[in-house]
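Dear colleague,

Here is the structure that I promised to pass on to you. Please open it first, and then read the notes below with the model beside you.

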Amino acid sequence: MKKIICKKEYDTETATLVKKATYGYFGDPAGYEEILFQTPAGLYFVYVRGGENSPYPQEDILRLAKTKVNEWIENH
């Protein structure tokens with residue numbers, strides 16, 4: 001998935017996967033994934049997707065400030 005946010009490109013195809021967190025099981029309508037990526041430019045983002053009853057019923061990309069990366073990793 002690719003998304004432009006504030007004139008910066010975030011692309012799961014060109015970014016490096018840092019950590020993946022999965023909640024629920026495959027096919028669980030409340031289950032979801034949060035995947036932390038780092039872009040070649042050093043920016044971080046979380047790719048999210050989930051079932052229809054999850055916090056992420058639509059796939060999306062969410063920016064993550066560098067100051068929040070370690071906290072995100074520790075909590076996932």
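By class, the lining of the largest pocket is made up of four nonpolar, six polar and three charged residues, where Ala, Val, Leu, Ile, Met, Phe, Trp, Tyr, Cys and Pro count as nonpolar, Asp, Glu, Lys and Arg as charged, and the others, Gly among them, as polar. Please keep in mind that this is a predicted model, in which local features need pLDDT of at least 70 and side-chain atom pairs count only at pLDDT 80 or more, while totals for chains, interfaces and linings use all residues. Residues are numbered from 1 along each chain as its sequence is written, and side-chain values use heavy atoms, with hydrogens and water left out.

The pocket lining consists of 13 residues, and Y25, F26, G27, G31 and E33 are those that lie nearest the centre. A pocket here is an open set of points on a 1 Å grid over the protein atoms alone, where a 1.4 Å probe fits and protein lies on both sides within 12 Å along at least five of seven lines; lining residues have an atom within 4 Å of a point. The space in this largest pocket comes to about 210 Å³, the volume being the space filled by probe spheres set on the points, which are joined across faces, edges and corners. At least two lining residues come from each of the strands β3 (16-23), β4 (32-38) and β5 (44-50), strands being DSSP runs (E, at least two residues) numbered from the N terminus.

The structure also holds three salt bridges, each defined as a side-chain nitrogen of Lys or Arg within 4 Å of a carboxyl oxygen of Asp or Glu. E33 takes part in a salt bridge with K20 (3.2 Å, N to O). Because E33 lies in strand β4 and K20 in strand β3, this pair ties together parts that are 13 residues apart in sequence. R49 forms a salt bridge with E33 as well, with 2.7 Å between the closest N and O atoms, so that K20, E33 and R49 are linked in a network.

Which residue does K3 meet in a salt bridge? The partner is D60, at 2.6 Å from N to O, and since D60 lies in strand β6 (residues 60-64) and K3 in strand β1 (residues 2-5), the pair ties together parts that are 57 residues apart in sequence.

With best wishes

Conventions:
Helix = DSSP H or I, 4+ residues; strand = E, 2+ residues; numbered from the N terminus.
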